[in-house]
Amino acid sequence: RSAAGDRRGPGLGDDPRRVAIHSQPWEMPDAPWTLHATFEAEPVPAPPRSLDVLALRARCPRPVPIPDAYATLAAAGLAYGPAFARMEALWQGDGEAIAEVRVPEGFETAGVAPVLLDAALHAVVAVASLDAGPRVPFAIASVVVHREVGRAVLVHVRRADAESRDAVVLDVTLADPDDGAILVAIRGLELRPALAPPRPDA
(Lines give C-alpha, C1' and ligand atoms only; values in the text may rest on other atoms or scores of the structure.)
Protein backbone atom coordinates (compact mmCIF):
# COMPACT_ATOMS: atom_id res chain seq x y z
CA ARG A 1 0.00 0.00 0.00
CA SER A 2 1.31 3.43 -0.79
CA ALA A 3 0.27 4.90 2.55
CA ALA A 4 0.29 1.92 4.89
CA GLY A 5 3.08 -0.25 3.56
CA ASP A 6 3.72 -2.58 0.63
CA ARG A 7 1.42 -5.37 -0.37
CA ARG A 8 3.27 -8.10 -2.23
CA GLY A 9 1.70 -10.84 -4.31
CA PRO A 10 3.03 -14.32 -5.05
CA GLY A 11 6.41 -14.47 -6.73
CA LEU A 12 7.98 -16.69 -9.37
CA GLY A 13 11.19 -17.45 -7.53
CA ASP A 14 14.50 -15.65 -7.85
CA ASP A 15 14.78 -15.67 -11.64
CA PRO A 16 14.58 -11.99 -12.70
CA ARG A 17 13.62 -13.02 -16.25
CA ARG A 18 10.25 -14.33 -15.09
CA VAL A 19 7.45 -11.91 -14.27
CA ALA A 20 3.87 -12.46 -13.15
CA ILE A 21 1.01 -9.98 -12.92
CA HIS A 22 -1.48 -10.56 -10.09
CA SER A 23 -4.30 -8.52 -8.62
CA GLN A 24 -6.14 -8.44 -5.33
CA PRO A 25 -9.09 -6.34 -4.13
CA TRP A 26 -7.59 -3.34 -2.35
CA GLU A 27 -10.13 -3.50 0.45
CA MET A 28 -9.49 -7.26 1.00
CA PRO A 29 -5.80 -7.73 1.88
CA ASP A 30 -6.39 -11.35 2.93
CA ALA A 31 -8.16 -12.33 -0.29
CA PRO A 32 -6.41 -14.74 -2.67
CA TRP A 33 -4.38 -13.23 -5.49
CA THR A 34 -5.64 -13.60 -9.07
CA LEU A 35 -3.03 -14.41 -11.69
CA HIS A 36 -3.57 -12.46 -14.94
CA ALA A 37 -0.40 -12.99 -16.95
CA THR A 38 3.12 -14.36 -16.88
CA PHE A 39 6.06 -13.81 -19.18
CA GLU A 40 9.72 -14.67 -19.43
CA ALA A 41 12.39 -12.41 -20.89
CA GLU A 42 14.95 -13.87 -23.29
CA PRO A 43 17.94 -12.43 -25.16
CA VAL A 44 16.86 -10.33 -28.13
CA PRO A 45 17.60 -12.11 -31.42
CA ALA A 46 19.39 -10.39 -34.25
CA PRO A 47 17.23 -7.81 -36.05
CA PRO A 48 15.32 -9.40 -38.92
CA ARG A 49 15.32 -8.19 -42.47
CA SER A 50 13.15 -5.20 -43.29
CA LEU A 51 9.62 -5.71 -44.52
CA ASP A 52 9.27 -5.81 -48.29
CA VAL A 53 6.78 -2.96 -48.39
CA LEU A 54 6.25 -3.13 -52.16
CA ALA A 55 5.44 -6.83 -51.96
CA LEU A 56 3.06 -6.23 -49.05
CA ARG A 57 1.22 -3.52 -50.93
CA ALA A 58 0.91 -5.87 -53.91
CA ARG A 59 -0.57 -8.60 -51.68
CA CYS A 60 -2.91 -6.17 -49.89
CA PRO A 61 -4.44 -4.19 -52.76
CA ARG A 62 -7.93 -3.52 -51.39
CA PRO A 63 -8.27 -0.20 -49.52
CA VAL A 64 -10.60 -0.20 -46.52
CA PRO A 65 -12.15 3.22 -45.77
CA ILE A 66 -11.09 4.20 -42.26
CA PRO A 67 -14.58 5.38 -41.21
CA ASP A 68 -15.94 1.97 -42.27
CA ALA A 69 -13.23 0.14 -40.32
CA TYR A 70 -13.97 2.00 -37.11
CA ALA A 71 -17.71 1.66 -37.65
CA THR A 72 -17.23 -2.12 -37.84
CA LEU A 73 -15.18 -2.09 -34.65
CA ALA A 74 -17.79 0.04 -32.89
CA ALA A 75 -20.61 -2.25 -34.01
CA ALA A 76 -18.70 -5.15 -32.45
CA GLY A 77 -18.42 -3.29 -29.14
CA LEU A 78 -14.97 -1.72 -29.65
CA ALA A 79 -15.73 1.98 -29.99
CA TYR A 80 -12.73 4.32 -30.09
CA GLY A 81 -12.74 8.08 -29.67
CA PRO A 82 -10.52 10.40 -31.71
CA ALA A 83 -7.61 10.11 -29.27
CA PHE A 84 -7.33 6.36 -29.88
CA ALA A 85 -8.61 5.94 -33.43
CA ARG A 86 -5.17 6.44 -34.92
CA MET A 87 -5.28 4.33 -38.09
CA GLU A 88 -4.86 6.64 -41.07
CA ALA A 89 -4.99 4.07 -43.90
CA LEU A 90 -5.78 0.35 -44.20
CA TRP A 91 -5.38 -2.13 -47.05
CA GLN A 92 -6.67 -5.68 -47.08
CA GLY A 93 -5.31 -8.84 -48.66
CA ASP A 94 -6.07 -12.54 -48.25
CA GLY A 95 -5.53 -13.28 -44.56
CA GLU A 96 -3.34 -10.23 -44.08
CA ALA A 97 -3.51 -6.45 -44.01
CA ILE A 98 -1.28 -3.40 -43.74
CA ALA A 99 -2.10 -0.16 -41.99
CA GLU A 100 -0.57 3.23 -41.44
CA VAL A 101 -0.79 4.37 -37.82
CA ARG A 102 0.28 7.69 -36.35
CA VAL A 103 -0.03 9.30 -32.93
CA PRO A 104 -0.12 13.10 -32.58
CA GLU A 105 2.18 15.34 -30.63
CA GLY A 106 1.61 15.23 -26.90
CA PHE A 107 1.61 11.44 -26.51
CA GLU A 108 4.54 9.75 -24.79
CA THR A 109 6.50 7.76 -27.37
CA ALA A 110 9.41 6.37 -25.32
CA GLY A 111 9.76 2.68 -26.14
CA VAL A 112 6.41 1.75 -27.65
CA ALA A 113 3.58 4.22 -27.03
CA PRO A 114 0.56 2.29 -25.65
CA VAL A 115 -1.85 4.27 -27.82
CA LEU A 116 0.19 3.43 -30.92
CA LEU A 117 0.39 -0.26 -30.06
CA ASP A 118 -3.34 -0.33 -29.39
CA ALA A 119 -4.07 1.39 -32.70
CA ALA A 120 -1.84 -1.10 -34.52
CA LEU A 121 -4.17 -3.87 -33.38
CA HIS A 122 -7.17 -2.09 -34.89
CA ALA A 123 -6.05 -3.52 -38.24
CA VAL A 124 -7.43 -6.86 -37.04
CA VAL A 125 -10.76 -5.65 -38.43
CA ALA A 126 -9.41 -6.46 -41.91
CA VAL A 127 -8.34 -10.04 -41.16
CA ALA A 128 -10.71 -11.47 -38.52
CA SER A 129 -14.47 -11.68 -38.33
CA LEU A 130 -16.11 -9.67 -35.55
CA ASP A 131 -19.60 -11.06 -36.19
CA ALA A 132 -19.56 -12.88 -32.86
CA GLY A 133 -18.63 -9.70 -30.98
CA PRO A 134 -15.37 -8.12 -29.92
CA ARG A 135 -12.18 -10.14 -29.81
CA VAL A 136 -9.64 -9.24 -27.15
CA PRO A 137 -6.02 -10.33 -26.56
CA PHE A 138 -5.81 -13.58 -24.59
CA ALA A 139 -2.22 -14.76 -25.04
CA ILE A 140 1.00 -13.76 -26.81
CA ALA A 141 3.78 -16.17 -27.75
CA SER A 142 6.49 -13.51 -27.99
CA VAL A 143 7.15 -9.79 -28.27
CA VAL A 144 10.50 -8.50 -29.51
CA VAL A 145 11.32 -4.79 -29.56
CA HIS A 146 14.19 -4.25 -31.99
CA ARG A 147 14.19 -0.45 -32.05
CA GLU A 148 12.42 2.43 -30.40
CA VAL A 149 9.15 3.27 -32.11
CA GLY A 150 8.39 6.82 -33.21
CA ARG A 151 5.05 8.49 -33.83
CA ALA A 152 4.26 6.66 -37.07
CA VAL A 153 4.50 3.00 -38.06
CA LEU A 154 3.54 0.70 -40.88
CA VAL A 155 1.65 -2.26 -39.44
CA HIS A 156 1.51 -5.71 -41.03
CA VAL A 157 -1.07 -8.10 -39.59
CA ARG A 158 -1.46 -11.65 -40.85
CA ARG A 159 -3.36 -14.67 -39.68
CA ALA A 160 -0.99 -17.30 -38.32
CA ASP A 161 -3.63 -19.98 -37.84
CA ALA A 162 -7.00 -20.98 -39.23
CA GLU A 163 -9.67 -18.76 -37.74
CA SER A 164 -12.32 -20.36 -35.59
CA ARG A 165 -15.30 -18.98 -33.75
CA ASP A 166 -13.37 -19.26 -30.51
CA ALA A 167 -10.00 -17.76 -31.40
CA VAL A 168 -7.80 -16.27 -34.09
CA VAL A 169 -4.01 -16.20 -33.94
CA LEU A 170 -2.12 -13.31 -35.53
CA ASP A 171 1.41 -12.17 -36.19
CA VAL A 172 1.76 -8.39 -35.96
CA THR A 173 4.79 -6.44 -37.16
CA LEU A 174 5.43 -2.73 -36.61
CA ALA A 175 7.88 -1.27 -39.11
CA ASP A 176 9.42 2.06 -40.02
CA PRO A 177 7.11 3.63 -42.61
CA ASP A 178 10.06 4.98 -44.62
CA ASP A 179 12.37 2.01 -45.05
CA GLY A 180 10.40 -0.95 -43.70
CA ALA A 181 12.88 -1.66 -40.89
CA ILE A 182 11.19 -3.92 -38.35
CA LEU A 183 10.71 -2.17 -35.01
CA VAL A 184 8.50 -4.57 -33.05
CA ALA A 185 7.57 -8.18 -33.83
CA ILE A 186 4.58 -9.70 -32.04
CA ARG A 187 4.11 -13.40 -32.70
CA GLY A 188 1.29 -15.70 -31.76
CA LEU A 189 -1.16 -13.04 -30.61
CA GLU A 190 -4.29 -14.99 -29.74
CA LEU A 191 -7.57 -13.10 -29.76
CA ARG A 192 -10.68 -14.60 -28.22
CA PRO A 193 -14.25 -13.32 -28.03
CA ALA A 194 -14.96 -11.21 -24.95
CA LEU A 195 -16.90 -13.16 -22.36
CA ALA A 196 -19.46 -10.46 -21.66
CA PRO A 197 -21.64 -8.95 -24.40
CA PRO A 198 -20.78 -5.32 -25.21
CA ARG A 199 -22.81 -2.67 -23.41
CA PRO A 200 -24.31 -0.10 -25.77
CA ASP A 201 -23.59 2.68 -23.27
CA ALA A 202 -19.97 1.62 -22.51
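Trainee: Over how many bridges do strands β8 and β9 pair?

Mentor: β9 covers residues 168-175, and the two strands pair in the antiparallel sense. Strands are DSSP runs of E, at least two residues long, while helices are runs of H or I of at least four, all numbered from the N terminus. Two strands pair if DSSP finds at least two bridges between them. For β8 and β9, the count is six bridges.

Trainee: Which residue of β9 is the bridge partner of Arg-159?

Mentor: First, the ground rules: residues are numbered from 1 along each chain as its sequence is written, and side-chain values use heavy atoms, without hydrogens or water. This is a predicted model, where local features need pLDDT of at least 70 and side-chain atom pairs count only at pLDDT 80 or more, while totals for chains, interfaces and linings use all residues. Now look across to β9: the partner of Arg-159 there is Leu-170.

Trainee: Which residue in β8 stands opposite Glu-96?

Mentor: Strand β5 (residues 96-102) is joined to β8 by seven bridges, and the two run antiparallel. Opposite Glu-96 stands Arg-158.

Trainee: How many residues of β8 are buried?

Mentor: Buried means under 20% relative accessible area, exposed over 50%, and partly exposed in between (1.4 Å probe, protein chains only). Strand β8 spans residues 152-159 and is mostly covered. Of its eight residues, the buried ones number six.

Trainee: How far apart are the C-alpha atoms of Gln-92 and Arg-62?

Mentor: Gln-92 belongs to strand β4 and is partly exposed, at 24% relative accessible area. Leaving aside neighbours within four places in sequence, Gln-92 has contacts (heavy atoms within 4.5 Å) with residues including Cys-60, Arg-62 and Ala-126. Gln-92 and Arg-62 are 30 residues apart along the chain, yet their C-alpha atoms are separated by 5.0 Å.

Trainee: Why is the pair of Tyr-70 and Tyr-80 given its name, and what is that name?

Mentor: Rings of Phe, Tyr and Trp (its six-membered ring) pair if their centres lie within 6.5 Å; planes under 30 degrees apart count as stacked, over 60 as edge-to-face and the rest as tilted. The whole structure holds one aromatic pair. The centres of Tyr-70 and Tyr-80 are 6.3 Å apart and their planes meet at 75°, so the pair is edge-to-face.

Trainee: Is Tyr-80 buried or partly exposed?

Mentor: Tyr-70 lies in helix α2 (residues 66-75) and Tyr-80 in the loop between α2 and β4 (87-92), so the pair ties together parts ten residues apart in sequence. Tyr-70 is buried, at 12% relative accessible area. Tyr-80, at 29%, is partly exposed.

Trainee: Over which ring does the charged end of Arg-192 sit?

Mentor: A charge sits over a ring if NZ of Lys or CZ of Arg is within 6 Å of the ring centre and within 35 degrees of the ring normal. Arg-57 lies over the face of Trp-91, at 4.9 Å from the ring centre. Arg-192 is 3.7 Å from the centre of its ring, which belongs to Phe-138.
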